[in-house]
Amino acid sequence: MAPTATTALTYLVTGASSGIGLELVRQLSSRGNRVFATVPSRVGTASGRDELSSVAEACEGADGGGGTVTVIEGVDVSKDGVIDRLRSCEELRGGTIDVLVLNAGGVNAISGAKGMESLGGQSLAGVDSATMMDTYNLNCVGSLRVYRALAPQMRSPGGKVCIISTGMGSIGDNGSGGLYAYRCSKAAVNMMAKGMSVDLRDAGIAVVAANPGMVVTNFVKPELAEKMGGMSATVSCAGLIKIFDDLNMENTGKFMGVSRNKSPQEYAGGW
């Protein structure tokens, strides 16, 4: 029997040390789910703080009915070694993953190995090949690495793969140009999600690409987020989880979006 939204499920969330990934772990575990939170380090890239441990500890102290959070460190999705790291992980061994949330986290997910300083160099005239390749490697290939490492443990049928994308990866919605490395890497993520939805159909595994909207996190300046209709991570992640819950084999392969004042729906800009 496939799991339902009201059933306690096992989730694995990558990039969970801060921002959207951290809030997803917090909300999913508060619903009684078992959550594996993977990170290169518990310390958030932009915040410089370990907020994940307190979320895990809060679950341990809950009185009945609460979920669990298991933190798995040393998971760097930008390296091929992540496959062996996940396959040899004692905490994951022998278990079934109901929902895999591929959330490439951190500053490098936006800007490559050079960090936020490279954003100004992502213009048509300024972007360099290293930034293009670093960002593609993390956002697109990183998600593929994690899926391939955990494919044998995915629930089949009934499993779900949820890939965190962005409206900036939409070709139809690109009216401002710029940010070539980030946009191109996320457009590739969208294509990967679509391809996976086709290739995993026979296994009964549903796939979605989800745009969380403009979210106020450590990676986005509050004034910029507000100007662009930004929302809190709490609001965005509640919408993302609704997308995860509603995902099934009838709507697999969609590009969904979260907005501040509406229920999640197919992203208006399209792929």
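In this predicted model, the side chain of Gln122 places a polar atom 3.0 Å from the backbone nitrogen of Tyr182. Gln122 sits in the loop that runs between helix H4 (107–111) and helix H5 (129–150). With a relative accessibility of 1%, Gln122 counts as buried, because the cut-off for buried is under 20%. The protein as a whole has eight helices and ten strands, and 49% of its 271 residues count as buried.

**Loop residues**

- Gln122, in the loop between H4 and H5, is at 1% relative accessibility and therefore counts as buried.
- Glu250 lies in another part of the chain, in the loop between H8 and strand S9 (254–257).
- Glu250 has a relative accessibility of 76%, so this residue counts as exposed, for which the cut-off is over 50%.

**Packing of H1 and H8**

- Two packed helices are described by the angle between their axes and by the distance between those axes.
- For helix H1 (residues 19–30) and helix H8 (residues 233–246), the angle is about 65° and the axes are 9 Å apart.
- The crossing of H1 past H8 is right-handed.
- On the H1 side, the contact is made by Ile20, Glu23, Leu24, Gln27 and Leu28.
- H8 contributes Ala233, Thr234, Cys237, Ala238, Leu240, Ile241 and Phe244.
- By residue class, the contact of H1 with H8 comprises nine nonpolar residues, two polar and one charged.

**Nonpolar cores**

- In soluble globular proteins, nonpolar side chains tend to be buried together.
- The largest nonpolar core here has 36 residues.
- Tyr11, Leu24, Val25, Val69, Val101, Leu240 and Phe244 have the most contacts inside this core.
- H8 supplies the largest share of the core, six residues.
- Leu240 is in contact with Ile20, Leu24, Ile164, Ala210, Pro212 and Val258, leaving aside neighbours within four places in sequence.
- A second, separate core of 32 residues includes Val82, Leu86, Met192 and Val207.

**Contacts along the chain**

- Of the contacts between residues at least 6 apart in sequence, 72% join residues at least 24 apart.

How values were computed:
Residues are numbered from 1 along each chain as its sequence is written. This is a predicted model: local features need pLDDT of at least 70, side-chain atom pairs count only at pLDDT 80 or more; totals for chains, interfaces and linings use all residues. Side-chain values use heavy atoms; hydrogens and water are left out. Axes are lines fitted to C-alpha atoms, for helices over the stretch in contact, and angles run from 0 to 180 degrees between N-to-C directions. Helices (H or I, at least four residues) and strands (E, at least two) are DSSP runs, numbered from the N terminus. A crossing is left-handed if the near helix is turned anticlockwise from the far one by less than a right angle, and right-handed if clockwise. Contact means heavy atoms within 4.5 Å. Ala, Val, Leu, Ile, Met, Phe, Trp, Tyr, Cys and Pro count as nonpolar, Asp, Glu, Lys and Arg as charged, and the others, Gly among them, as polar. Buried means under 20% relative accessible area, exposed over 50%, partly exposed in between (1.4 Å probe, protein chains only). A polar contact is a pair of N or O atoms within 3.5 Å; within protein, one must be able to donate a hydrogen and the other to accept it, and residues adjacent in sequence count only if both atoms are side-chain atoms. A nonpolar core is a set of buried Ala, Val, Leu, Ile, Met, Phe, Trp, Tyr and Cys residues joined through side-chain atoms within 4.5 Å.
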